[in-house]
Amino acid sequence: MRENKFDIIKSGKETIKEEVRAIDNLISNINKDFEEVVKLIYKSKGRVIITGIGKSANIGLKIVSTLNSTGTPAFFMHAADAVHGDLGIIRKDDIVICISKSGNTPEIKVLIPIIKHRGNTLIAIVGNTDSFLAQQSNYILNTTVTKEACPNNLAPTSSTTAQLVMGDALAVSLLEYRGFTAKDFAQYHPGGSLGKQLYLKASDIYPNNEIPKVDINDSAQNVIIEISSKRLGLTAVMKNGDIAGIITDGDLRRMLEKGLDIGKTLAKDIMSLSPKTVDSETLVSDTLDIMRSNDITQILITKDDKYVGVVHLHDILKEGIL
């Protein structure tokens, strides 16, 4: 039986190698047309409408998502649906990108003349530069591949990978050309851990916690009660309204190991000086970096140089940031 002779690992590796070759060949296709397309989209007052059919349509949907998430407004229009009413999505200033391997499918041949008649700029992401689509387009992004990764050279594999990578190259070039920053990115990704890393601040977390604090002259017994009741594993030590130090569970253990008399020991006798603090407007991701670099699991939060609360590592874990 064939399955007894077939080398699955070899097949997987050869598929990847073939697609890598296809991507390597794309580099020489990043030319003047590509540069002009980036500039054209950047200057456009309209949107990018991406169309295609079959596997190319699936790639088009992904490219649309990437463009939208990086600041370029984009919509997908299925080529088969376009001639049955979906053409209404296209506005006067929109730029149309048509994705196709052959560039000669019946749907493309019906759709392209209509788009040209409407006066929209047409860009082809196409694998056949002699095709109908290529000949009718204002700009060509060449995604020709010499061979599909499929052993029969039939199933769209290398060709769709090339289309996807060309779309990524276009989106990233637009992103960089526009000067799209991490703050811009956060506006388009408010959900999930990715967005939280870019916008969540300490001030969004610390109000959910108690504010443990004792006076510098409070007894060790009061310190233990404060840490235990506030359940954060520490307390700030205050002097005249300012942070004078910090006492953690670890400091209490060390106090007991030294055999100090709890009844005679004060907060100032066991506190650690110069505790790490961050301003309430500090990003949680930056707060986590500070905690990691200092090997601590809690940190004091200040606002206008005044102690306002605590952020614990567990709070950050709950937000999905690590």
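**Close-up views of a predicted model**

**View 1. The aromatic pair of the structure.** A search of the whole structure, a predicted model, finds one aromatic pair. Its members are Y42 and Y177, whose rings lie 4.9 Å apart centre to centre. The planes of Y42 and Y177 make an angle of 80°, and the pair is edge-to-face.

**View 2. Placement of the pair in the chain.** Y42 belongs to helix α2 (residues 32–43), and Y177 belongs to helix α7 (residues 158–178). The two tyrosines are 135 residues apart, so that the pair links distant parts of the chain.

**View 3. Solvent accessibility of Y42 and Y177.** Y42 has a relative accessible area of 39% and is partly exposed. Y177, at 41% relative accessibility, is also partly exposed.

**View 4. The largest pocket.** The volume of the largest pocket is about 280 Å³. Its lining comprises 15 residues. Closest to the pocket centre are I246, T248, I296, T297 and Q298.

**View 5. Elements around the largest pocket.** Two or more lining residues come from each of β8 (242–248), α11 (249–257) and β10 (298–303). The most is given by α11, which supplies four residues to the lining.

**View 6. Residue classes in the lining of the largest pocket.** Six residues of the lining are polar and five are charged. The nonpolar residues of this lining number four.

Conventions:
Residues are numbered from 1 along each chain as its sequence is written. This is a predicted model: local features need pLDDT of at least 70, side-chain atom pairs count only at pLDDT 80 or more; totals for chains, interfaces and linings use all residues. Side-chain values use heavy atoms; hydrogens and water are left out. Rings of Phe, Tyr and Trp (its six-membered ring) pair if their centres lie within 6.5 Å; planes under 30 degrees apart count as stacked, over 60 as edge-to-face and the rest as tilted. Buried means under 20% relative accessible area, exposed over 50%, partly exposed in between (1.4 Å probe, protein chains only). On a 1 Å grid over the protein atoms alone, a cavity is a set of points where a 1.4 Å probe fits but cannot get out, and a pocket is an open set with protein on both sides within 12 Å along at least five of seven lines; lining residues have an atom within 4 Å of a point. Grid points are joined across faces, edges and corners, and a volume is the space filled by probe spheres set on the points. Ala, Val, Leu, Ile, Met, Phe, Trp, Tyr, Cys and Pro count as nonpolar, Asp, Glu, Lys and Arg as charged, and the others, Gly among them, as polar.
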